[in-house]
Amino acid sequence: MVRRAFILSPAFVAALTLAWSAMPVSAALSARPSALTATSPTSAEQLHTSHAHALSATVTAGTSPSLLQSQQGLSENAAITAAGAGNPAMTTPADPSIAVGPNNIVEFANSALMITPRSGASPVYVNISAMLGNTSDFALRYPQVVYDPFSGRFILMVLESSQTACASLVEIMMSQTNPALPWTSRGSINLDPALGNGVELSNVSLGLTPNVLVESSDYVSCTTSLPVASQMVVIRRADFISGALTANSYAFVEPGPVGLQPAEALSAQNVEYAVANDASCSPGKVPGSFAVLAINGLPTAGSIAWVCTSESEPTATSTPPAAAQEGTAATLTTGSDRFLSAVWQGNVLWMAGNTGCSSGGTVSCLNVVSIPATSPPTSLGTLGTPTQFPPESVSGAYLYDPALAVDSSGDAILTFDKSSSSTFESIMVAAITGGVWSSFSTLHASANFYQPGGCSSCAWGDYSAAVQDASHPTDVWVVSEEDDATTGTGCATATACWDTYIGRYTFAGPAISSLTPAAGPSAGGQLVTVAGSDFAVGSTFTFNSATVVPTTGSLTPDSFTFTTPPGPSGLVQAQVTDSLGTSPVTVGSGYIYVGLANYVPLTPFRILDTRPGSSTCTQCTLDPTLGPGATDKLQLTGVTGLSVTDPIPTNATAVVLNVTEVAGTAGSLLTVYPYGTKLPTASNLNFAAGKVIANLVTVTLGQGGAVDIYNALGSVNVLADVEGYFAPEASTVVTGEFHPISPVRVCDTRSTSPTPACKAHGALSATGSMVVNVTGIGVGSNMIPVNGSAAAAVVNLTGVAGSALTYLSLSPTNASGQCSYGPGHASPFSSINLTAGLVAANRVMVALGPSTTGGPDNSLCVYNAAGSINFLIDANGWYGGASAPVGAQYQAIQPTRICDTRSGGAGCAKHLIAPPTASLITVAGQGSLPSGATVVAVIANLTAIAPSTATYLVEYPANIGVPGASDINLSAGEVLPNLTVVQLDPVAGPDLGDIDLYNAAGSVNAVIDIEGWFQ
């Protein structure tokens, strides 16, 4: 056997002798959200993930819990035959233990772990014996595994004992965040050498609180095999998780009463309780009494305190008889009457075990005790009067090996085994609500009797297991052993090997936390994922008050998918109904039907300015600065007090906003999304502390004509200028329909410019304005038409190294072909904000005006507030006027991420983007987008992440070469967003519906969030 350095080595620990009295004894022992970084601009998005859990409603006393999920657990055959997963020499029957995290179920039986996704598919087997380096002489028994919700890790302890000598120890291990990866050994717990020879450890019980990890084992005589005492080890949880264990990280409490069972207590308590049946605070076995130990403090700095209290049972328990089973005279040993399970929650301490009783003969029955147990901050707690429930029995049947867990409302759910001379063993489930037992239900029945090796009194695992779900605390998971008549390697007969079975139960009605996506076409056909909790088989699902059917095979207790039927524009609700109730209507249960729409350009106006004291304060209070994690509602229709009468109609499907963040106190992000829907995993603005950055946002209107603005970290002020909106129109109306073109440069004021008129003008001076004709530049039809059929243009404006802090504004020319803003008439809105020397870009959807009185609409105005600055304008589409040919209509959706090159996905591979080859991005068919040629262009938020050198990025159809244009200009290490409006590859073939993303220099990551598409 390979030995490690034992972190709990007795050579470094002075054992604490338990004080057998009712007085407390103290003794000394010798013994956040992560900030944004340049490489992770959207890491704060993790902060918005909401885990809303509906608490179970008060249930009628004696109600049975509902089964949410059931599945095969670990089996002896699987443990032996799965590659490297088991120890064929191990013949001990199953002692299953279970723990459940946000993503995985971990079951531990003997030497094998089974790690399964919560859905129950594709288990992974881990051989703990092999991981520990055991030789065949050593075997593992009494496994215990718990999930630590404070660290997101699983912790296991297991007894390792010699098959040929009196030697044993308790091995301790901890998982990685992904429990399928190799586990880390934290060492071993040995016997205290002061006890001398002649005893070894037996049994392992494990308890967890936010502060400590508590393990208890019995001492067994090597000559008689009878238990003589126990030891309990208290370990500081934080030191255990970090691995920074010292002599002050743990303490031994010994010798204690036999069969000590530490309690699970996952709420924020400072006291840990442990219980033992047939014991008191005097040495020896005391029938009719049980002992309660309360432990306070931490081993750190060398001190903990505890108190022992003796409690009387109205009915003394007794050793239960072995259980009969159908088809054989062989019985199943049912162990002792010690407590097998303990939970402390809601100031109630629960414990469960077996007892002998008379019910149609002498049989084994269930013994459950509860006792009020408080946790004052500075004391060892106080106990109330215990309640011992009458032994629970079934005439002529044997009930044994109970395990108990408590849900978030204090309802106790138990699992146990049942058999008789006329029935095979079955895994049963019951509950205690309002002090009343429910009826029993069968989770799984054995297919045969269990008789390995032809035994007459057959060893049967000592444990079942039950645990509250840390992610859905209204639910309880259970596991127990059974016999499925499995044969295979090491299982010569149908009665030779054990199996286990897992169930998930609840008293909670269903709850919906989110719909993804939360907006989609009125025509329907959108695949939506509903996430939440407690979706039971047989539930009814309604959407917009009509019944919908989940996609085949998609229903789990936590999620399902369905396809939206056609529906009316506006907000509708999804709900789930089962026998325990109907899910409430919440922000997360909303879905917005959005119809096809055409663009209506406006003269830009400011609709939001949160800066306190600002003369332009709009929709703001004394100090509406968005704090960390704050979400503010922005009303967009029917707003009064603006510089203009609010022109956005109530039937608008989306609004185009230029959103500017002003000097945030921390690196952060803003997400703008429909009001009345759940926060999506997407971003619109990523910014560093102290910066002023603008970005165009096309956002679907939510309930009541409003949107939400979310800020991840720090505090920030926000401005929003309206550039236009999308309004529902028939497909026969061409005004406002979109016409995509490949990116083309229409203006460059620098001396190296390829655009003669703009080159001749040169840099724009302070308070100066310039008329720019954006039509007729390009090749063939790839240009904005010169005949006046374009009502608005989609352009990318880049400011280049101005001499002073400034802002640029784009607006249409007036009827005389002049600019409305200039010297003495400053623009009241901004398109982009720039510091001196900065090169930055922003998308603008701007209405066009004439360049001369009575001329066609072909021009726009550029205004500069201060200093001297050059600028670039790249066009990549236009919206038609009344004389335009047929174009494409806009389908607004909830922001949806299709690509993140840091992690990869369906839309793009995980890779850094580096020249000279552009990266292909699959767009059509991703997320909620239709596949094929239906989509002609998309509106997407492109975020460039930390390039290795100064560079620019540009998106364009995959069927053309790199254009002479840009979407984002940024320096090394910067994180910048920009809205893009990009045509998809229209050519039939492998790249149909795709775009290319080109990076000019160095390497860079990128994120693409779709805000809508044109079709």
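Over which residues does pLDDT stay under 50? The stretch is residues 1-56. Where pLDDT is low, the predicted coordinates should not be read in detail. For the protein, pLDDT averages 86, and 90% of the residues score at least 70.

The structure is a predicted model, in which local features need pLDDT of at least 70 and side-chain atom pairs count only at pLDDT 80 or more, while totals for chains, interfaces and linings use all residues. Residues are numbered from 1 along each chain as its sequence is written, and side-chain values use heavy atoms, with hydrogens and water left out.

Strand 32 spans residues 475-482. Strands are DSSP runs (E, at least two residues), numbered from the N terminus. Eight of the eight residues of strand 32 are buried, so the strand is largely enclosed by the rest of the structure. Buried means under 20% relative accessible area (1.4 Å probe, protein chains only). Both faces are covered. One side carries Asp 475, Trp 477, Val 479 and Glu 481. The other carries Val 476, Val 478, Ser 480 and Glu 482.

Pairing requires at least two DSSP bridges between the strands. Six residues separate the two strands, which form a hairpin. Val 479 stands opposite Ala 465. Within strand 33, Tyr 501 is the bridge partner of Ser 480.

Met 351 belongs to strand 22 (residues 348-358). Its relative accessibility is 0%, so Met 351 counts as buried. Beyond four places in sequence, its contacts include Val 275, Phe 290, Phe 339 and Ile 371. Ser 370 lies 19 residues away along the chain, with a C-alpha separation of 6.4 Å from Met 351.

Asp 708 is found in strand 49 (residues 706-711). Asp 708 is buried yet has no salt bridge, defined as a side-chain nitrogen of Lys or Arg within 4 Å of a carboxyl oxygen of Asp or Glu. The nearest side chain of opposite charge is Lys 633, 7.5 Å away. Lys and Arg count as positive, Asp and Glu as negative; His and the chain ends are not counted. Residues touching Asp 708 beyond four places in sequence include Thr 631, Lys 633, Tyr 673 and Tyr 675.

How values were computed: Buried < 20%, exposed > 50% of the residue type's maximum accessible area, 1.4 Å probe, protein only. Helix = DSSP H or I, 4+ residues; strand = E, 2+ residues; numbered from the N terminus. Contact = heavy atoms within 4.5 Å. pLDDT = per-residue confidence, 0-100.
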